[in-house]
Amino acid sequence: MTAVDLGMPGLPTAPRGVGHLRGDEPFPDAARTALRNGQQRANLGHATTTIRNKRARVVAELPDWAQLREAGRALKAATMARLDDHLEELERQVTAHGGTVHWARDANEANEIVTRLVQATGATEVVKVKSMATQEIGLNEALEAAGLDVFETDLAELIVQLGEDKPSHILVPAIHKNRAEIREIFARTIPGVDPGLTDDPRQLAMAARAHLRERFLRARVAVSGANFGVAETGTLCVVESEGNGRMCLTLPDTLITVMGIEKVVPTWRDLEVFLQLLPRSSTGERMNPYTSTWAGVTPGDGPQEFHLVLLDNGRTAVLADEVGREALHCIRCSACLNVCPVYERTGGHAYGSVYPGPIGAILSPQLTGVEDNASLPYASSLCGACYDVCPVAIDIPKILVHLRGEHVEAQTRLTPEAAAFRALSAAMSRPWLWHLTQRASRLGRLLARGKPTLPRVLPPPASGWTRSRDLPTPPTSTFVESWTREHGR
Amino acid sequence: MSAREDVLGRIRQALGPDRTTPAEVVRDYRLTDGRPPGDPALLDLLVDRVEDYRATVLRCAPEEIGATVAAALDQGLGAGWATRDVVVAPGLPAEWRPTGSDVDDDRPPVQLAARSAAVTAVAVAIAETGTLVLDGSPACGRRALSLLPDCLVCVVLADQVAGSVPEALARLDPLRPLTMVSGPSATSDIELQRVEGVHGPRTLLVVLVG
Ligand code: SF4
C-alpha cells in the first residue's frame with residue numbers, strides 16, 4: 001500500500017518495479033533536458049501543428065459535434081457508475097461466444113497471465129498491435145524475460161523498438177523523430193534493408209512492410225489491446241490505420257487481448273458515438289482506415305482461441321476519487337497532447353509515464369498514487385485547451401487542481417511555497433498589510449532595471465520560480481492606486 | 001479470493017454503498033442523415049469521401065457489374081492480369097466474378113497472400129465517412145481475404161449506402177466479425193503525413209452500382 005491514496009484509502013495503486021508509469025526524474029528536471037533538444041522541439045512543433053489543423057477541420061464538419069461530445073461524456077459517466085455490472089456482462093458474453101476471460105489485479109498478474117497463455121501454445125514469437133495497456137504494464141519486458149521474441153508491428157512502435165527508444169505520444173509514439181532520424185534507425189537495424197533507402201515517408205513505410213510481412217504470415221500468437229469492449233454483445237473493437245492490427249487480429253491461431261476495465265461500454269449502439277468522436281479527434285480523419293470488431297471466436301474466420309485479460313492496475317483506486325475518476329473516461333485520442341503548450345515544448349518523455357501530456361498529468365499520478373508522480377499535476381499552465389478539445393469533455397484542469405490539492409495536503413513539512421502562501425494569506429486578510437506589501441513589491445523594479453521581466457538570478461527560494469518562468473516586473477502603481485487616481489474613492 | 005472477486009469488490013468499494021444513479025444518456029445528435037439509404041445524393045457523397053482517401057470509385061448500372069469489376073482489376077493490376085491471381089469471396093454472385101478466378105475456400109489463410117487481388121461484396125457503406133463495412137458473410141468473405149491480397153475490389157449496391165455512422169451500425173450484426181474499411185491502409189506515423197499502403201491492401205477500388 002502506498003502512503004497517500006487519492007480518495008478512499010485501501011484501494012491499491014499500480015505496483016512499483018513493473019511497467020512504465022513512473023519516470024526516473026521529476027518532470028521539471030526531465031523537461032529541462034528535453035527543452036535543450038532543439039531537433040525534438042522542431043519535430044514536435046511541426047507534427048502537432050499539422051494534426052491540430054486536421055482535427056479542427058473534420059470536427060467543424062459535424063453540425064452535432066457538441067451533442068456527440070456530451071453523449072460521449074454521459075455514456076462514460078453512466079458506465080463507470082455501474083462498472084461492475086458491465087464487466088460481469090462482458091465476461092458472460094465473451095464466454096458465451098467462445099472466448100476466455102481472465103482478471104488481473106495489477107501489472108504483474110496481467111504479465112504472468114499473458115506469459116502463461118503464450119507459453120501454453122508452444123510459440124516462441126509474439127506479434128503485437130500497439131496498445132497503451134500493454135505498454136503501461138511492461139508486457140514486452142515480461143515476455144522477453146520469459147525467453148519469447150516480441151515484435152511490435154505498428155510503424156511508430158517499430159521505430160521506437162528498433163531505436164531502443166521510448167514512446168513519446170499516445171497515438172504516434174515516434175512523433176519526436178523526423179524522417180531523417182527514422183531512416184537512420186531503419187538503415188542501422190533492419191537486416192537486409194535496401195542501402196539506397198531514402199527518407200521519403202513512403203519508402204520508409206514500405207521498408208517496414210517488407211520487414212514485418214514474413215512475421216505476420218508465420219505468427220501463431222498475437223497480443224492486442226482494445227479501444228472498446230461491448231458488454232451487451234461481448235464485441236471487442238480495435239481502431240487502427242495500417243492493417244497491422246488486422247494482421248494480428250486475423251491470422252494467428254491465438255489472440256490475447258489486454259483491456260483496461262474502464263474500456264467497457266454498455267451497448268453496441270454506444271459505438272455510434274465513439275466511432276464518430278475518436279477518429280476525428282485522434283488522426284483528424286473522418287474515419288480511420290480500419291476498425292475491427294469481433295465477438296469471441298468465429299469458426300473458419302480468425303483466431304480459434306481468444307483470451308480477454310481485464311486489467312485493474314490502479315484503475316479502481318482512480319474510480320474511488322469522485323473528482324479524479326473522470327480520467328477513466330479517456331478514449332486515448334491524444335487530442336489533448338496535440339494542443340498542449342507544455343507537451344509541445346517538452347515532448348512526451350519528460351512525463352516519465354507511457355501516458356504523457358494533459359491526460360498523463362491526471363492519469364499517471366492517480367494510477368500510481370500521487371507521491372510517485374508528484375510533479376505531474378504541476379506540468380500544466382491550466383490554460384484549458386485540453387478540456388476544449390477532449391471528445392468526452394474531461395475537465396482536465398479541474399482534476400489537475402484537485403491533484404495539486406491532494407499533493408499539498410499530503411506534505412507534512414512546510415515548503416517555501418506553502419510558507420509564501422501563508423504569508424500571502426495573512427497579508428490579504430489585512431488591508432493595511434496588503435497595501436504595504438504591494439508597495440514594497442515595487443522594489444522589484446530596481447532589480448529589473450527597466451526590463452519587462454525580472455532577471456533570472458533571484459536568490460533561492462525565488463529562483464525556483466524564475467528558473468523556468470518569466471516574472472513580470474512589478475508595475476509603478478497598484479490597481480487600487482490607479483483606480484483611486486482615475487475614479488476617486 | 002480470486003482476482004475476479006477482488007477486482008469486482010474493489011469497484012464496489014470505490015463506488016461506495018450509495019452510488020449515484022446516472023442520468024439517462026441524451027442522444028440528441030443526428031441519428032439519421034435524413035436521406036434514405038441509396039439516395040442519389042448519398043451515393044455522390046460516398047464517392048467524394050472515398051476518393052478523398054485516394055481510393056478509386058467506378059460507377060455502373062446493375063447489369064454492368066461483371067464488366068466493371070474487370071475494369072477495376074485492369075486499373076488495380078494493370079492490363080493483362082491473370083484471372084487465377086484474383087481470388088473472390090465464396091458467396092460473390094457468379095456474374096460479378098471474372099471468369100476463371102479463384103474462389104476462396106477453407107485453405108490456410110496465409111495462402112491468400114499469394115494472390116494479387118481480391119473481390120468482395122460489402123454489408124453496408126457509410127456515405128459521410130467514406131467507409132465500407134464487411135461482415136464475414138459468404139459474399140464479403142472471411143477477414144483474411146480482404147486483407148492479404150495487395151489490391152481489393154469491393155462491390156457496393158446503392159441500397160447498402162447509409163448516410164451516417166448510427167444508421168450503419170444499426171444495420172450490422174455485432175456478433176459477426178466486422179471490418180470497417182475507409183480507404184487503403186495508411187500510416188501517419190512519420191511526421192504525421194499520411195502515406196497510403198502499409199500492411200493492408202495498398203490499392204482500394206470501389207465498384208458502386210447505381
Ligand atoms: S483526455 Fe480527452 S483529449 Fe486527452 S486523450 Fe483522453 S479522450 Fe483524448
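Which elements of chain A each supply at least two residues of the lining of the largest cavity? In this predicted model, they are α6 (132-136), β6 (235-240), β7 (254-260) and α12.

## The largest cavity

About 620 Å³ of space lies in this cavity. Its lining takes in 35 residues, and those nearest the centre are K130(A), I170(A), L171(A), N227(A) and V239(A). Sorted by class, the lining holds 15 nonpolar, 11 polar and nine charged residues.

## The second largest cavity

Of its 14 lining residues, C340(A), S380(A), S381(A), L382(A) and C386(A) are the closest to the centre. Two or more lining residues come from each of α15 (341-346), α16 (357-368) and α18 (396-410) of chain A. Here the lining has 11 nonpolar and three polar residues, with no charged ones.

## Where α12 meets α2

Let's return to α12, one of the elements that line the largest cavity. The axes of α12 (residues 271-282) and α2 (residues 38-60) of chain A come within 7 Å and cross at roughly 145°. On the α2 side, I51(A), R55(A), V58(A) and V59(A) take part, and they meet R280(A), S281(A) and S282(A) of α12. The residues of this contact comprise three nonpolar, two polar and two charged.

## How confident is the prediction?

Chain A has a mean pLDDT of 90, and 92% of its residues reach 70 or more. Residues 1-8 of chain A have pLDDT below 50, and this stretch has 27 contacts in the model beyond near neighbours in sequence.

Note on methods
Residues numbered from 1 in each chain as written. Chains lettered and ligands numbered in written order. Predicted model: local features only at pLDDT ≥ 70, side-chain atom pairs only at ≥ 80, totals over all residues. Heavy atoms only, no water. Axes fitted to C-alpha atoms, helices over the stretch in contact; angles between N-to-C directions. Helix = DSSP H or I, 4+ residues; strand = E, 2+ residues; numbered from the N terminus. Contact = heavy atoms within 4.5 Å. Nonpolar A, V, L, I, M, F, W, Y, C, P; charged D, E, K, R; others polar. pLDDT = per-residue confidence, 0-100. 1 Å grid on protein atoms, 1.4 Å probe; cavity = no way out; pocket = protein on both sides within 12 Å on 5 of 7 lines; lining within 4 Å. Points joined across faces, edges and corners; volume = space filled by probe spheres on them.
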